[in-house]
Amino acid sequence: MNDVIWLVRYTLKRTFRRKINFLLYFGTPLAAILLSLFAYGSSPAKDVRIGVVNEDHGRISDDTIRFLKSLDHLSVKSVKLSAVDDQITSQKVDGVLIFPQGFSESVQHGQPRPIELVSLKGAEITMFIKSYLHEYIDHLATLGRLANGDRDLFWKMYERYQQAPFRLSVHSLSDTAKQKGVTYQTIGYLVMIMLMSAGNLTEIIIKEKEERTYSRLLTTPIQARTYVLSNIVVNLLMMAAQIIVTIAAMKNIFHIDPHIPMWQMALVLLLFSLSAIGLSLITVMFANSSASAGALQPLITVPTCMLAGCFWPVELMPKFLQKAAYFIPQRWALDCLVKLQEGRSFGSLYWHLLILLAFALTFFLLAVYKFSRSQQSGQFV
């Protein structure tokens, strides 16, 4: 145990001898959060500015305009018909509604004349307005059809409709989709960073072999297995630190609510870190030099992270790729976090946790097998 502790301290000193490594290992997770916020960032909702040309001046058209003015995020102002083109092209308004003459009369007969909507913004603006107008005017047109030409009956129903005894109570709800998306994207980037960090730390084994440092260490009572075990411990410590830094920054600096208990997120990521270490050991054990190991790491990390959905939702990929993604540990870690965000209990996801452990065990067994074969042949990495 003393040998392991000494080797862990030695590896940490070697790693952080260069101060830039602090930025590499702990700055990149913070950069991942900023990148996720930028990707999911959106400007606050702006009011849609609508101009109104009322050529009807009837009671129903006036009430319809008042209804539009009562809507949230909708700014309504009167516009002259001759100024419509100038208002739109100068972007003083996002669109103009033109109520035709005889509109109120047509609604009373149950056949409302179409309201013209002029806009250069496309469906983004027009659909927002039409969705409210169609519902409101359709209700009034229904009253006209029920009245069947009886003006007195129509106005009685109209008054009752406008002064209905029931009221709609509106409460604003916080939008959790953005913060969940930022959390997913941040964890996706962190998973890739953890894989790369594990690769860089495990690559030290080959570098010290090339520098003959490993040979000098083996002249002491330190054994090769102890040396590899110390590297695994360093990896665990580093990735645990990265997880803590990321989660603490999300909560205390960027105020991101992942809608998951922090300990559950940390535990899932720690289980994944075992798979990351095992995968990096396999890469190092099969590499012939530090250059080849450095080339293999991104060739394995980046494509598998892309396939797992670390950079975008996995649902955007074809079905066969979605199924193939479950053959890599990153997908199970991300899928576990998504299901926790959806409200699943931690205990119900034991299958995901067992599979992450199975991936780690498989990778470690392969690395041990390669290591034992190398020892038998008198070689090490």
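**A pair of crossing helices**

Begin by selecting helices α10 and α11, whose crossing is right-handed. In this predicted model, α10 covers residues 224-253 and α11 covers residues 262-286, and their axes come within 10 Å and cross at roughly 145°. To see how the two helices touch, show the side chains of the contact, among them V228, I232, L236 and I243 on α10, together with M265, L269, L270 and I277 on α11.

**A sheet of four strands**

Next, select the strands β2, β1, β3 and β4, which in that order form an open sheet with mixed pairing. The edges are held by β2 (74-78) and β4 (116-119), each of which pairs on one side only. Looking across the sheet, you can follow how neighbouring strands are turned by 25° against each other on average, direction ignored.

**Two cysteines**

Finally, select C305 and C310. How many disulfides does the structure hold? The structure holds zero, and the sulfur of C310 is 4.1 Å from the closest cysteine sulfur, that of C305, which is too far for a bond because a disulfide needs the two sulfur atoms within 2.5 Å. With a surface displayed, note that C305 counts as buried because its relative accessibility is 0%, and that C310 is buried, with a relative accessible area of 0%.

Key: Residues numbered from 1 in each chain as written. Predicted model: local features only at pLDDT ≥ 70, side-chain atom pairs only at ≥ 80, totals over all residues. Heavy atoms only, no water. Axes fitted to C-alpha atoms, helices over the stretch in contact; angles between N-to-C directions. Left-handed = near helix turned anticlockwise from the far one by under 90°. Contact = heavy atoms within 4.5 Å. Buried < 20%, exposed > 50% of the residue type's maximum accessible area, 1.4 Å probe, protein only. Pairing = 2+ DSSP bridges.
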